[in-house]
Amino acid sequence: MQKSTLKRGLQLLSYAGNYGWAVVGVVISVLMSTVFVLLPPWLIRYGIDNLIIGEKPEFLWLLGLALVGITLLKGVVDFAKRYGAEYIAQRIIHDVRSQLYDHLNQLSFSFYDSARTGDIMSRITADTDALRKFLSKVSVYVSGNILTIIGILAVMIFWNLQLALLYLIMVPLMVYGMFKYSTQVRPMFRRVRCKFSNLTEIIQEDLNGIESIKLFGQEKKEKEDFIQENQEYVNTRIETAQTSALWMPYVNFLVGLGSSLVIWYGGRLVISGEISFGMLVGFISYIAMLLRPVRQTGMMINSATQAAAAAERIFDILQMEPEIQEVDNAYELPPVDGRVEYRDVSFSYQQDEEVLTGINLTAKPGQLIAIVGPSGAGKSTLLHLLPRFYDPDQGEILIDGHNIKELTIGSLRSQIGIVLQDTFLFAASIKDNISYGRPEASMEEIIEAAKIAQINDYIQSLPLGYETPVGEEGVNLSGGQKQRLAMARVLLTDPQLLLLDEPTSSLDAETEEQMQQALSEVIKGRTTFIIAHRLWTVERADQILVIDNGRIVEQGSHEELVSADRLYSQLYSRSLSDRLISETAGDKR
Ligand SMILES: Nc1ncnc2c1ncn2[C@@H]1O[C@H](COP(=O)(O)OP(=O)(O)OP(=O)(O)O)[C@@H](O)[C@H]1O
């Protein structure tokens, strides 16, 4: 057994510890069930030797009654065993799934940058289900079967060593077969699960990117990719089934061989009077009984290996440490005035590829800081360091003199409002989306925020108003409407620090004008960082930082930077001519 499998097994056992009494109940029922399996051949041997051959027909009904009684009792303990195992399995999987979900929430952005959504989904759903099957069925069946095999062998040895030894020759062959089978099948199941993840990933990606697929007419190519992945999954499954299917004939052969040997040699022992006829019948019954547990155990190696592969994938995630962590004595950030300092901050997503280098900046409380620069210069990254989506490799960031690394993450983020380039809305009502960060907000406050974000009139015009669902079953909002909704959502939390990543990028000229007015209201008294490509929108900023290639290359007011006649002034002129062109195009239309 691999070390990692053992470790995963122990980890699972630690979950079972929470349901101690149920586990004890299941263990007792497995033991009792095994005893009830072992009893009938013993009774049959006794009946044949003492009641049939011993000619005591008046007691035969008692034998029948005992056999029926055993069946009934076995039915009761089997019920307890199955119900208990399912109960424990469901509880454990509930805990694992919740922990997994919780952990995924805690993992940092860096994890999601490289993680594939389909893969994560299949770990939460298919992998936890494989584990549930193992816990509810495989673990009890396999332990019951192993106990039965050991019990049968023990009774055989107790009855007659020679006959038992004859049969025991088969055991190494069985163990060898089982070992061979499991080592072959195990990596196959790992591959099956990976292929399944790939398939989920493709479906997920195609559904998310359906617009781009249709726009670029790539349906055929995507279909071919899907067919290929689907085929590979099926091939892997079939290959695995082929290997597993060899197991049954192998076991059948061994059991058949064992029975023949016992009848051949045992028959001689009966004739020579060394064992009774009842004992031979008992032996043969036990051998026939061995078939099921041995075969089942082999088959269950399938599920066990599937579960081992699934557990590995689940625990791989659970063991990942979130990159962004609070220090042990992290403290709450008190309400801030909004002074932000970056001191010699450098950052890279991947080693040796610095995205930000030696950033120094100071924003005084209530200032509007505009960040401009070419695409890919590092503007968004600069903002993402403030709420600790990522931590700098070097340097430090302070808010009102508090180093953000020493604060609790919740208290830090609660004072920062962010409107990102892409706005994500939940499948809930408009009202719930706006109040997402402050569910207790009153309707008046929600409407007020929506008014400032210039979206109230539109919402009121909808038949269901603020109760209108967003997304599939409700209204489909435009990019600009989404951004304004996101703005209202942030306003409602009344943050002292505002990070706006191109908040007006999806707006038309008219709405942008309105939004600009709204913005000047919104940012009053708050320290605001705003990224803008349309540079005329940030002329009024207190400071403009020009970022190029991860460095601040210019810094100052609009007038200062224009007269400096460097990168900013070039970008500004380009931005103005773009505006002119788009306005002329708009007029012509
Ligand atoms: N999650 C990420 N993982 C790895 N590299 C990233 C990640 N996000 C951004 N980058 C890289 O870091 C650099 C800076 O990206 P950033 O998004 O900060 O630029 P930007 O100036 O905001 O660009 P834009 O104006 O186009 O939004 C780019 O080269 C980008 O490819």
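Mentor: Start with one term. Buried means under 20% relative accessible area, and exposed means over 50%. Partly exposed lies in between. Keep in mind that this is a predicted model.

Trainee: Are Arg-313 and Asp-127 buried or exposed?

Mentor: These two residues form a salt bridge with each other. Buried means under 20% relative accessible area. Arg-313 and Asp-127 are both buried.

Trainee: How many Å apart are the closest N and O atoms of Arg-313 and Asp-127?

Mentor: A salt bridge needs the nitrogen within 4 Å of the carboxyl oxygen. Arg-313 and Asp-127 meet that cut-off, with their closest N and O atoms apart by 2.6 Å.

Trainee: How many residues apart in sequence are the parts that Arg-313 and Asp-127 tie together?

Mentor: Arg-313 sits in helix H11, residues 277-318. Asp-127 belongs to helix H5. The pair therefore links parts whose separation in sequence is 186 residues.

Trainee: Which residue meets Glu-86 in a salt bridge?

Mentor: Glu-86 is in helix H3, residues 60-106, and its partner is in helix H5, residues 117-159. The pair ties together parts 46 residues apart in sequence. The N to O distance is 3.3 Å, and the partner is Arg-132.

Trainee: What separates Arg-132 and Asp-129 in helix H5?

Mentor: The side chains of Arg-132 and Asp-129 meet in a salt bridge, 3.0 Å from N to O. Both residues lie in helix H5, three residues apart. That spacing means a separation of about one helical turn.

Trainee: What is the relative accessible area of Asp-129?

Mentor: Asp-129 counts as partly exposed. That class runs between the buried and exposed cut-offs. For Asp-129 the value is 31%.

Trainee: Which residues do salt bridges that share partners join into one network?

Mentor: The structure holds 20 salt bridges. One of them pairs Arg-313 with Asp-127. Shared partners build a network of Asp-119, Arg-123, Asp-127 and Arg-313.

Trainee: Which side chain makes a polar contact with the side chain of Gln-543?

Mentor: Gln-543 is in strand S9, residues 543-548. It is buried, at 14% relative accessible area. Its contacts beyond four places in sequence include Thr-362, Ile-369 and Gly-556. The polar contact spans 3.3 Å, and the partner side chain is that of Gln-367.

Notes: Residues are numbered from 1 along each chain as its sequence is written. This is a predicted model: local features need pLDDT of at least 70, side-chain atom pairs count only at pLDDT 80 or more; totals for chains, interfaces and linings use all residues. Side-chain values use heavy atoms; hydrogens and water are left out. Helices (H or I, at least four residues) and strands (E, at least two) are DSSP runs, numbered from the N terminus. Buried means under 20% relative accessible area, exposed over 50%, partly exposed in between (1.4 Å probe, protein chains only). A polar contact is a pair of N or O atoms within 3.5 Å; within protein, one must be able to donate a hydrogen and the other to accept it, and residues adjacent in sequence count only if both atoms are side-chain atoms. Contact means heavy atoms within 4.5 Å.
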